[in-house]
Amino acid sequence: MIIDDVKIKVTAGRGGRGLVVFNKTKMALGPTGGNGGNGGSIFLQGVSDLGALRQFRFRKDIKADDGENGRIQLHDGQNAKDLFLLVPVGTVCHNLKTGKTFEITKIGQAEIVAKGGKGGKGNFLFRSATNTSPKQFEEGSDGQSFELRLELKMIADVGFVGLPNVGKSSLLNELTAAKSKVANYPFTTLNPNLGVYYDLVLADIPGLVEGASVGKGLGVKFLRHIERTKVLFHFISADSLDPIEDYKTIRKELSDYNKLLLEKNEYVFLSKSDLISPEVVSERVEEFKKIKKEIIPISIIDPISMEGVKKILNELISEKTAT
């Protein structure tokens, strides 16, 4: 199951200790202790995988590496590498200690959540005209430590819905660089995936099944995320034995969960239309006309139908820009 609300503790790395050492070569007795390296900071970085918060299901206490202690011959200790925690786009970070809140809204966006401690000074930096052989040094400072609440809020413009194995992931991959896993078996997508088509965020929601609204199959968590999308792309597989019944099944689950979902702007697509003959495609279109629904035949290997999908998306972009 997708994790969409979790608390974690983050602790940045401590700075390394400065070194006290003296040069004994060639009768030189000057201080040569290097400074400690800075501790690693911790960042949150946005990714398209909406299931990325799963990593925190059992990993609640996260610590960055400490900086290296100072070394001899004026060599400073190495700074620790910063730690980047990957979180889904749409994650709201609540700092429970400071009360500050921010949201990850873009793929690749990185925000610091805990700053690493500063490395301490070695004895070389304490030298002076009156203190030629200093034995002073500094300990490195502690890194920041906070408790965070990470809350995922879907920010997709378009949600892809339908039964399992109806071609949602394939279309997302065709339109974007999401690279969702695709194969010819049910429940291919076990976690939602995001893709970006110009100014639109597209969300591939795992296939719903009858009873999803009461927790069957992959459960109601995905219905919660559909609730936050603005437009629905509803996919019906062209090789279905009963396309109308498939359509009604998904609509019923949406209604049972929240009737307001039925009021969202919806586009219905007859996916995988290359698997059936043009005559059968026409029959499917006529069947949907009888229930007063327009269904649009598409195939990812048909450039003309792909242009039709892109035209719809471009119109949505225009509407989004206008608002």
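These legends walk through close-up views of side-chain contacts in a predicted model. Residues are numbered from 1 along each chain as its sequence is written, and side-chain values use heavy atoms, with hydrogens and water left out. As the model is predicted, local features need pLDDT of at least 70 and side-chain atom pairs count only at pLDDT 80 or more, while totals for chains, interfaces and linings use all residues.

**View 1. Asp5 and Arg149 meet in a salt bridge.** Searching the whole structure turns up 12 salt bridges, a salt bridge being a side-chain nitrogen of Lys or Arg within 4 Å of a carboxyl oxygen of Asp or Glu. In this one, the closest N and O atoms are 2.7 Å apart. Asp5 sits in strand 1 (residues 5-11) and Arg149 in strand 8 (residues 145-152), so the pair ties together parts that are 144 residues apart in sequence. Helices (H or I, at least four residues) and strands (E, at least two) are DSSP runs, numbered from the N terminus. How accessible is Asp5? Asp5 is partly exposed, at 40% relative accessible area, and Arg149 is partly exposed too, at 25%. Here buried means under 20% relative accessible area, exposed means over 50%, and partly exposed is in between (1.4 Å probe, protein chains only).

**View 2. Asp157 pairs up with Lys230.** The closest N and O atoms of this salt bridge are 3.3 Å apart. Asp157 lies in the loop between strand 8 and strand 9 (158-162), and Lys230 in the loop between helix 2 (221-226) and strand 12 (231-237), so parts 73 residues apart in sequence get tied together. Asp157 counts as buried at 5% relative accessibility, whereas Lys230 counts as exposed at 52%.

View 3. Lys252 is partly exposed, with 48% relative accessible area, and Asp256 is partly exposed at 43%. Elsewhere, salt bridges that share partners join Asp5, Arg149 and Glu151 into one network.

**View 4. Phe43 and Phe84 make an aromatic pair.** The structure has eight aromatic pairs. The ring centres of Phe43 and Phe84 are 4.8 Å apart and their planes sit at 10°, so this pair is stacked. For the terms: rings of Phe, Tyr and Trp (its six-membered ring) pair if their centres lie within 6.5 Å, and planes under 30 degrees apart count as stacked, over 60 as edge-to-face and the rest as tilted. Phe43 is in strand 2 (residues 42-47) and Phe84 in strand 4 (residues 83-88), so distant parts of the chain, 41 residues apart, are linked. Phe43 is buried, at 17% relative accessible area, while Phe84 is partly exposed at 41%.

**View 5. Phe233 and Tyr267 pair edge-to-face.** Their ring centres are 5.6 Å apart, with the planes at 75°. Phe233 belongs to strand 12 and Tyr267 to strand 13 (residues 265-271), so the pair ties together parts that are 34 residues apart in sequence. Both Phe233 and Tyr267 are buried. Ring pairs also gather Phe160, Phe233, Phe235, Tyr267 and Phe269 into a cluster.

**View 6. Arg127 lies over the face of Phe124.** The distance to the ring centre is 3.7 Å. A charge sits over a ring if NZ of Lys or CZ of Arg is within 6 Å of the ring centre and within 35 degrees of the ring normal.
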